[in-house]
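Dear colleague,

Please find below the structure I was asked to pass on to you. My notes on what was found in it follow directly after.

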Amino acid sequence: MLESIKRIFAAAGRTARSRGAAAAALSVAAAFTIVTVGAAAQTVAIYDGEQVQTIRTFSCDPEAILRQAGVEYAEDDLITMDTADGFPAVTLTRAFDVTVTQGTETYAYRTTGGTVADALAALDIAVDEHDMVSAELTDTLTADMYIDVISVDYETVTEEVPISFESTTEYTAELAEGETQVSAGEEGVKLVTYRNKLVNGKLAESTAVTETVVKEPVHQKTLVGTKTEEPEIQVEAAAAASYDDGVFTSADLDTVSTLQPDSPIALDESGRPVNYSRLITGKATAYTAPIGSATSTGRGARTGYVAVNPKQIPYGSRLFIRTTDGSYIYGYAVAADTGGFVKKGRITVDLFFNTEGECRNFGVRNVEIYVLD
C-alpha cells in the first residue's frame, strides 16, 4: 500500500509540471483519502443469542455497530465488545424477566443472567438453612423462571396454662340424707414452653418441650348425706323379746340379710352374739348387683352374701354383722365374694344390698364382724 501511495504522489508531481499544480494536488488528496479510509475499515461479528452475522464498519462503538447492522436492542440489554476467532465481536445479551415470591409478596426481577443466589441478593431476600427455595441457589437464571422462597423460622415461647380441677362425689353417713356439702375447686397453673415453627411468618406447628407445675389444682368435692333416722323398732323388739336371763336370738330381729342360720344365734342384751370365735372391727361399704349374679365363690348374689378379703376372712365363714353403735343390724351373713376394695386395704367388708338407694343410705359405717365358726 505504501508503494501505491508513492506512485500516486509521483504521478501528481508530473501532472503538476504539465497541467497545473492546483488540479494535481486535489487529485492526490482525494486518492490519499480513499486509500486511508479503506485501510481503517474492519470486519465485526455480531452475536445476538443464536443468531450470528458479520459487518464491515469503520466504527469502534458497539451500539453504533448494532444500529448500522439494523439490530434493535432495549435499554436494559447487555452489550459487550471483545474479540472472537480473531475478529472484533459485539455480543448482545437480551434482558429477561424472573418472578420471585416470598410469602404474600411477588417480585419481578429483570436481568441478563446470573444465578438464583444473585437474584435473591438483588431483591434483598436473605435465606438460611431452615428456609426452602424452589430452585438451587447455584442454578442459572432463565427467561420466565419462577422462584418460590418459603421462609421458615423457629421461636421458643413460654405460656401460663391452667390445669383443670376434677369434680368428685362421695356419700357419707355423717350428713343427713339429701344434705350436701361442696368444697369449691380451683384451677392449677403450669408453665409450658413451646417450640413454634413459623412458615412465612405464620404459626404452622407448635410443640411443648417442657412443663412446670407452679400451682396444683384443688379438686372440687361434693359430699352427699345418706344418714336417715333409724326406727327404734330393733331396740324395742330386742327389749320385748329378751329372755328372763337377758338373752334372745337373731330370729327376734328384723335384719337386712335374708339368710337364716341352721339355728338362731343367741344374742346378749346389747344384741351381740354370745358365742363366736373372733371379733373383727372395721369399715363397711355397700354394693349391689342383679339378683343371682355370680359371686367369687359361684353363689348367686343376694342379701347376706358379703364380700371380704379371703386372706382375712376365709370364704364360707359364717358371720354376724352390725354397726358398732347398734343402729344398723345387717344380721347373719356368709363370706361369699370379694372385690377391688381388698387391694386398697381401707375397707374390711362390702355388704350386699338389693338396691342402689339402700347402698347410698348405708354409705360407709364402722361395723363389728363376729366370726361364728
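Strands, in these notes, are DSSP runs of at least two residues, numbered from the N terminus. By that numbering, Asp153 belongs to strand β9, which covers residues 152–163. Please bear in mind that this is a predicted model.

Asp153 is partly exposed, its relative accessible area being 36%. Together with Asp128, Glu129 and Glu155, Asp153 forms a patch of negative charge on the surface.

Ala89, in strand β4 (residues 87–93), is by contrast buried, at 0% relative accessibility. Beyond its neighbours within four places in sequence, Ala89 contacts several residues, among them Val44, Tyr47, Met81 and Thr83.

Side chains of opposite charge can pair when their charged atoms come close. The whole structure holds 11 salt bridges. One of them joins Glu186 and Lys215, at 2.5 Å from N to O. This pair links distant parts of the chain, with Glu186 in the loop between β11 and β12 and Lys215 in strand β13.

Glu368 takes part in a salt bridge with Arg272 (3.1 Å, N to O). Since Glu368 is in strand β22 and Arg272 in the loop between β16 and β17, the pair ties together parts 96 residues apart in sequence. Glu368 also meets Arg322 in a salt bridge (3.5 Å, N to O). Arg322 lies in strand β19, so this pair ties together parts 46 residues apart in sequence. Glu368 is buried at 8% relative accessibility, and Arg322 is buried at 4%.

With kind regards

Terms used: Residues are numbered from 1 along each chain as its sequence is written. This is a predicted model: local features need pLDDT of at least 70, side-chain atom pairs count only at pLDDT 80 or more; totals for chains, interfaces and linings use all residues. Side-chain values use heavy atoms; hydrogens and water are left out. Patches are made of residues with over 30% relative accessible area and no salt bridge: like charges are joined within 9 Å, nonpolar side chains (Val, Leu, Ile, Met, Phe, Trp, Tyr) within 5 Å. Accessible areas come from the Shrake-Rupley method with a 1.4 Å probe; for residues, only the protein chains shown count as cover. A salt bridge is a side-chain nitrogen of Lys or Arg within 4 Å of a carboxyl oxygen of Asp or Glu. Lys and Arg count as positive and Asp and Glu as negative; His and the chain ends are not counted. The place of a charge is taken as NZ of Lys, CZ of Arg, CG of Asp or CD of Glu. Helices (H or I, at least four residues) and strands (E, at least two) are DSSP runs, numbered from the N terminus. Buried means under 20% relative accessible area, exposed over 50%, partly exposed in between (1.4 Å probe, protein chains only). Contact means heavy atoms within 4.5 Å.
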